[in-house]
Amino acid sequence: MLKPLVILLVIGLGLCLPRATSAATPPPPLPEGVFLPIQVHVGVRILNVSRIAETEGEASMMIELTERWRNPALAFDPKVSGFGRVDTVGDEALETLSKMWTPGTEIENQIDKARTEAISVSVRADGTVTRIKRIDADFRVDIDMTSFPFDHQNLTLSMVSPRHPADEVIYVMNDIDREMSSIETDVSASNWTGTRLSVVMERFHGWNARPFVRVKATAAVERAWQYYVLPLFVPFLAVTSVAVFILWARVSLIGDKAPITYSALLALAALSFTYESSFPGSISMNSPIAVMVSLGYFYLIAVLLVDIVLIYADYPGKQRFPHLEPEIRAYIRIGIPVVFLAVCLSVALNALT
């Protein structure tokens with residue numbers, strides 16, 4: 001009874017073993033006849049930035065990654081073949097790559113799979129392989145909102161060959177690669193403009209403390225702050241202008257000043273929620289407009305308290321020098337709004353520079 005079961009078990013294991021072995025097929029070995037480390041020329045082009053999500057720290061970009069290396073085993077005689085280069089694209093290019101060694105470059109900060117992907121491979125007669133990969137995907141990036149809406153963001157792509165340390169593969173760039181690396185100025189992300197692209201190489205220690213080479217391509221984009229003047233600063237100035245009424249209104253209107261001030265405070269709170277919903281991160285990430293809104297709360301309360309003190313408080317010298325109150329009020333009416341406006345302008349100019 002046990003004998004048939006043992007035979008079936010052995011047959012089942014025999015059927016499973018070939019599948020497990022094929023799943024663990026090792027990558028092609030390093031090319032022969034080249035000095036180590038293999039130099040892989042790299043060029044990066046940012047073709048489009050379609051979305052920048054400040055609060056999520058994500059950016060949607062279409063990028064084109066060009067890699068070039070030499071494999072003498074792929075060299076051929078152009079006189080015999082009749083052509084000096086073999087070009088393949090799409091599925092044919094993927095099949096060509098599956099039969100040759102590649103550096104296996106990966107983008108570390110890519111989120112999930114690419115929405116679209118296109119690839120082409122060119123093999124020259126001297127064995128030079130050029131792989132061009134174009135993808136449209138989401139990437140994890142660092143966002144700094146401390147200068148919003150005058151901010152410049154650096155969207156960095158981090159690329160590395162995870163299976164080849166620095167003693168086997170290094171990334172290099174020459175003048176041609178640097179000239180080819182660029183970013184489109186006219187991107188589809190609303191109110192953003194691409195300015196420049198910089199590519200640097202850095203070393204880091206990976207598995208077993210072995211050194212690896214990482215490529216960091218940083219795309220600098222600039223926000224068009226002119227589009228934010230009306231929706232951000234004009235409503236803020238309109239709400240805080242209530243302080244001018246409090247300082248310049250007649251003493252007989254003192255009963256109306258407190259309710260108007262608290263209404264302005266509620267309007268300022270509602271305005272901050274509107275900012276955050278319309279421009280995510282503008283309030284929650286310590287931007288200049290968030291600092292100005294915080295100062296606005298203090299400004300409105302301070303103006304109301306100063307006005308009440310001038311009218312009702314028996315401060316030193318009030319009875320002895322009755323002419324001081326009109327003089328003090330005249331200076332405060334102009335001084336406090338001017339100081340508040342100067343502070344707000346300094347915050348904005350500091351972010352702009």
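**Close-up views of a predicted model**

**Figure 1. Contacts across the whole chain.** In this predicted model, 73% of the contacts with a separation of 6 or more join residues 24 or more positions apart. The chain holds nine helices and 11 strands, and buried residues make up 41% of its 353 residues. Its accessible surface comes to about 20000 Å², with 62% belonging to carbon and sulfur atoms.

**Figure 2. The aromatic pair of F148 and F279.** Let us start with one of the nine aromatic pairs in the structure. The rings of F148 and F279 are tilted, at 6.2 Å centre to centre and with 45° between the planes. F148 comes from the loop between β6 (128-140) and β7 (152-160), while F279 comes from the loop between α7 (254-278) and α8 (288-312), so this pair links parts of the chain 131 residues apart. F148 counts as buried because its relative accessibility is 1%; F279 is buried too, with a relative accessible area of 19%, a value that passes because the cut-off is under 20%.

**Figure 3. A stacked pair, F150 and F233.** Here the ring centres of F150 and F233 are 6.2 Å apart and the planes meet at 20°, so the pair is stacked. F150 sits in the loop between β6 and β7 and F233 in helix α5 (residues 229-240), so the two tie together parts 83 residues apart in sequence. Both F150 and F233 are buried.

**Figure 4. Arginines over aromatic rings.** Two views belong here. R214 lies over the face of F204, 3.9 Å from the ring centre. The charged end of R333 sits over the ring of W248, at 4.9 Å from its centre.

**Figure 5. Salt bridges of strand β2.** The structure has 18 salt bridges, and this view takes in a few of them. R131 and E67 meet at 2.3 Å, N to O; R131 is in strand β6 and E67 in strand β2 (residues 58-70), 64 residues apart. Both R131 and E67 are buried. R68 and D177 form a salt bridge at 3.3 Å, N to O. With R68 in strand β2 and D177 in helix α4 (residues 175-180), the pair ties together parts 109 residues apart in sequence. R68 is partly exposed at 24% relative accessibility, whereas D177 is buried at 2%.

Figure 6. Within it, the side chains of E58 and R51 meet at 3.3 Å, N to O. E58 counts as buried at 17% relative accessibility, and R51 as partly exposed at 33%.

How values were computed:
Residues numbered from 1 in each chain as written. Predicted model: local features only at pLDDT ≥ 70, side-chain atom pairs only at ≥ 80, totals over all residues. Heavy atoms only, no water. Helix = DSSP H or I, 4+ residues; strand = E, 2+ residues; numbered from the N terminus. Buried < 20%, exposed > 50% of the residue type's maximum accessible area, 1.4 Å probe, protein only. Contact = heavy atoms within 4.5 Å. Areas by Shrake-Rupley, 256 points an atom, 1.4 Å probe, with all protein chains shown as cover. Phe/Tyr/Trp six-rings, centres within 6.5 Å; stacked < 30°, edge-to-face > 60°. Lys NZ or Arg CZ within 6 Å of the ring centre and 35° of its normal. Salt bridge = Lys/Arg side-chain N within 4 Å of Asp/Glu carboxyl O.
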